[in-house]
Amino acid sequence: MLSGQGNYFLLSTAHTSMLLFCADGRAEYRYFGELVRDTAGAELLAPEWEGRTLLPCSPWGSTDFREPSLLIRHADGSVASRFVLTGAEIAPRVLPAGLPHACGGGDCLRLTYRDEAAKLVLCLQLMPLEACDAIVSSAWLKNEGEYAVEIERIASLQLELWGKDFSFTTFDGAWGSERQRHTRPLALGKCENASYAGSSSAFHNPFVMLTRPGETYACNLIYSGNHRETAEADDTGRTRLIAGINPFGFSWRVEPGETFYTPEAVLVYAQSPAEASARMRNFVMTHIIPPRWADCERPVLVNNWEGTYFSFTRDKILSIAARARDVGAELFVLDDGWFGRRDDDTSSLGDWKDYAAKTGGIASLADEVRAMGLQFGIWVEPEMISEDSDLYRAHPDYTMRVPFRKPLTMRNQLMLNLADVRVQDYLFEAISNVIQTVKAAYVKWDYNRYMTDCFDAVTRGGEYCHRYILGLYALLARLTERFPGVLFEGCASGGGRFDLGVLFYMPQIWTSDNTDARERIRIQAGTACAYPQSSMGAHVSASPNEQTGNRNSLYARFSVACGGVLGYESDLTAASEAELSEISAQIAYYKRHRRTLQLGEYTPLGDAFGDDWSGYLVRAADGSEAIAVVCLHEKHTEVFNRRARFAGLEDGARYRVYRVEKDGGEQLLTEADGDLLNRASVSLGGIFGETDVRENSNPLYVRMYRFERIGR
Ligand code: DGJ
């Protein structure tokens with residue numbers, strides 16, 4: 001809800017409110033927190049003096065010397081701007097041209113500023129989303145002058161808060177260790193969370209939180225490229241959060257009459273980090289995931305990558321697919337190695353044509369898989385090109401490169417120049433052709449390197465990285481529009497591009513190449529702080545684990561993978577009869593409870609980054625059941641009395657409590673009330689004995705429970 005009362009504008013969602021004061025040429029935040037219904041008495045919230053306000057934007061060129069939200073280089077080279085608020089109104093929201101955005105929503109508060117000397121108009125818009133307690137923020141800059149200007153930075157969001165006692169939480173990592181949560185006090189300084197790698201990156205996810213006891217402000221960017229979030233506390237007692245495109249290396253020329261739109265940012269307030277995360281997940285489900293997929297149960301897949309890597313034959317693929325069918329999977333995904341002359345990672349990217357000598361004919365292979373009763377899915381890595389490829393030989397000019405320099409390879413590959421419409425057109429045709437040839441039900445869209453040599457001969461250098469991302473979005477928009485029934489899964493060497501921009505087109509993303517259950521539980525816990533479980537691809541893979549060498553029971557691997565969209569990724573033809581029957585039981589169990597697991601309300605248990613135990617609980621939307629997984633990270637000898645606490649069950653409801661067994665059966669433990677289960681600490685007695693520690697080195701100790709509601 002949005003209302004204007006005199007000089008005040010109140011933006012309210014179901015549980016939160018933001019209050020802005022707009023007068024005298026400027027706008028100020030006066031309040032952001034729990035729901036308030038009226039602005040009466042708001043003059044009490046005024047700052048001590050005019051120079052100490054809480055601002056929604058801070059163009060460089062004033063006496064504010066903190067991190068600026070806007071920096072413009074004018075035609076004469078100067079960078080000072082003087083923007084004065086000329087309008088504050090409730091207006092229809094303007095969508096950011098060419099960018100993914102929050103779907104739905106209504107009007108916004110539009111703040112219009114003008115730099116009279118330069119004839120520039122800056123608009124900020126803040127749109128409250130009632131049901132999921134989120135506010136969407138963006139900006140645009142229009143040049144109404146006679147000379148071009150260069151935007152050197154422009155934030156999607158600037159939030160300012162009273163207080164200098166916040167901590168800053170970020171989700172950082174690398175390949176195989178994505179989205180590890182880190183929290184540090186801001187003290188009187190500035191913290192940066194940013195990507196310089198061309199994509200949102202595994203190094204620093206764009207999701208951040210400012211926290212202090214009882215208050216959390218969380219922000220994410222609907223963007224897949226270089227991003228930067230800064231949090232800065234000053235000694236006058238204010239904290240500033242800025243989020244947007246990373247200004248490093250960025251500049252964008254705005255010609256007279258042109259407008260530049262920032263990506264959208266989403267902001268939530270909550271009383272705790274856990275509540276902020278729940279609101280973010282809700283926002284993603286309601287406003288980011290393509291509506292066709294948001295409420296749709298996702299298939300259980302089998303992927304051949306870790307089972308075969310590049311070395312497969314048609315027979316091998318068909319025998320894995322046959323096993324996939326036997327255990328009850330629904331989708332078979334043929335991963336890397338089916339195209340060009342691709343026998344390793346040194347060739348063929350760009351040649352999206354059947355490697356018939358290896359596949360025996362990709363179309364008929366797909367038909368045979370379908371004849372088994374499985375859907376067929378396929379891997380592609382469209383943004384890349386191998387030097388050893390027909391595409392490169394024909395079109396070296398399609399490559400991202402700096403003239404007269406040899407571009408750097410990573411994983412032996414170069415990148416295509418998606419800023420070039422010719423390349424977008426080529427990929428649209430090539431990938432459409434793949435999808436049509438194999439009648440794909442699913443496409444895994446991989447991206448296995450970061451960007452270097454970010455340049456082409458026609459694009460202005462400072463614009464390149466953003467133009468690349470705009471090109472990627474244009475391509476994804478065309479493909480997903482042409483193939484609305486195809487389930488796209490994003491991937492980037494695992495979870496190296498896990499962001500809201502990707503999720504706008506592809507409803508799920510491969511969370512990490514690290515499938516070791518004891519590492520995955522943390523990676524998924526970090527990811528779930530901002531993203532719903534239905535967006536996280538999660539596979540059961542072989543033991544010992546291919547990445548870490550750790551052994552884990554099939555039960556542990558399955559229980560952890562149930563925290564996302566379940567798949568299996570190993571050579572199922574090498575599995576024993578006992579393993580196959582356990583996998584069949586797992587898949588049957590998962591399918592019975594899939595709606596709850598994939599689409600239920602997710603609550604983290606314990607603290608994957610702090611406690612020595614963690615897990616998750618998912619509760620069906622109708623409350624009829626819940627499933628919990630509890631994991632002990634370490635076993636210490638002579639430490640007994642291990643315990644866990646549930647959360648997320650319905651207070652006042654009575655449940656039958658079952659322990660889920662590895663054969664898919666359930667053992668009734670007791671009946672208990674949600675109140676007790678949510679509050680008391682539960683014994684995990686006997687959990688070590690349930691895992692064979694001699695068979696499994698450094699294992700995760702796991703137990704799965706199901707709660708069946710039997711009354712209130
Ligand atoms: C990286 C992905 O994360 C893997 O799952 C697999 O698809 C490989 N690329 C294939 O090259």
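A residue is called buried here when its relative accessible area is under 20%, exposed when over 50%, and partly exposed in between (1.4 Å probe, protein chains only). By that rule D499 is buried, at 0% relative accessibility. The structure is a predicted model, in which local features need pLDDT of at least 70 and side-chain atom pairs count only at pLDDT 80 or more, while totals for chains, interfaces and linings use all residues. Residues are numbered from 1 along each chain as its sequence is written, and side-chain values use heavy atoms, with hydrogens and water left out.

**Domains**

- The protein chain is divided into domain 1 (2-288), domain 2 (300-594) and domain 3 (613-711); such bounds come from an automatic or database domain assignment.
- Between the C-alpha centres of domain 1 and domain 2 the distance is 34 Å.
- Contact, meaning heavy atoms within 4.5 Å, links 44 residues of domain 1 with 42 residues of domain 2.
- The size of an interface is often given as the accessible area lost when the parts come together.
- Domain 1 and domain 2 bury about 3500 Å² between them, and 59% of it is on carbon and sulfur atoms; buried area is the accessible area (1.4 Å probe) that two parts lose on being put together, summed over both.

**D499**

- D499 sits in the loop between strand 27 and helix 10 (500-505); helices (H or I, at least four residues) and strands (E, at least two) are DSSP runs, numbered from the N terminus.
- In sequence D499 and S224 are 275 residues apart, yet their C-alpha atoms are 6.1 Å apart in space.
- With neighbours within four places in sequence left aside, D499 is in contact with S200, P206, Y223, S224, I509 and Y531.

**Helix 8**

- Helix 8 (residues 421-438) has 18 residues and reaches 26 Å from its first C-alpha to its last, close to the 26 Å expected at 1.5 Å a residue; the expected span is 1.5 Å times one less than the number of residues.
- Buried residues of helix 8 are V423, Q424, L427, F428, A430, I431, S432, V434, I435 and V438.
- The cover over these buried residues includes helix 6 (362-371), strand 23 (375-380), strand 26 (442-445), helix 9 (464-482) and strand 27 (487-490).
- At the start of helix 8, a side-chain oxygen of D420 comes to within 2.8 Å of the backbone nitrogen of R422.

**Helix 11**

- Helix 11 (residues 517-528) has twelve residues and spans 16 Å from its first C-alpha to its last, close to the 16 Å expected at 1.5 Å a residue.
- Nine of the twelve residues of helix 11 are buried, so the helix is mostly covered.
- The buried residues in helix 11 are A517, R518, R520, I521, I523, Q524, G526, T527 and A528.

**Cysteines and H287**

- A disulfide is a pair of cysteine sulfur atoms within 2.5 Å, and by this rule the count comes to zero.
- C108 is in no disulfide either, as the nearest cysteine sulfur, that of C123, is 9.3 Å away.
- C103 is partly exposed, at 25% relative accessibility, whereas C108 is buried, at 0%.
- H287 belongs to helix 1 (residues 273-288) and is buried, with a relative accessible area of 11%.
- The side chain of H287 reaches the backbone oxygen of C103 at 2.6 Å; a polar contact is a pair of N or O atoms within 3.5 Å, where within protein one must be able to donate a hydrogen and the other to accept it, and residues adjacent in sequence count only if both atoms are side-chain atoms.
- Not counting residues up to four places away in sequence, H287 touches H101, A102, C103, G105, L129 and C132.

**Backbone features in loops**

- The peptide bond from S543 to P544 is cis, with omega near 0 degrees, and P544 lies in the loop between strand 29 (536-541) and helix 12 (554-561).
- S348 is not a glycine but has a positive phi of about 80 degrees.
- S348 lies in the loop between strand 22 (331-334) and helix 5 (356-359) and is buried, at 2% relative accessibility.
- F404, also a residue other than glycine, has a positive phi near 70 degrees.
- The loop between helix 7 (390-394) and strand 25 (414-415) holds F404, which is exposed at 91% relative accessibility.
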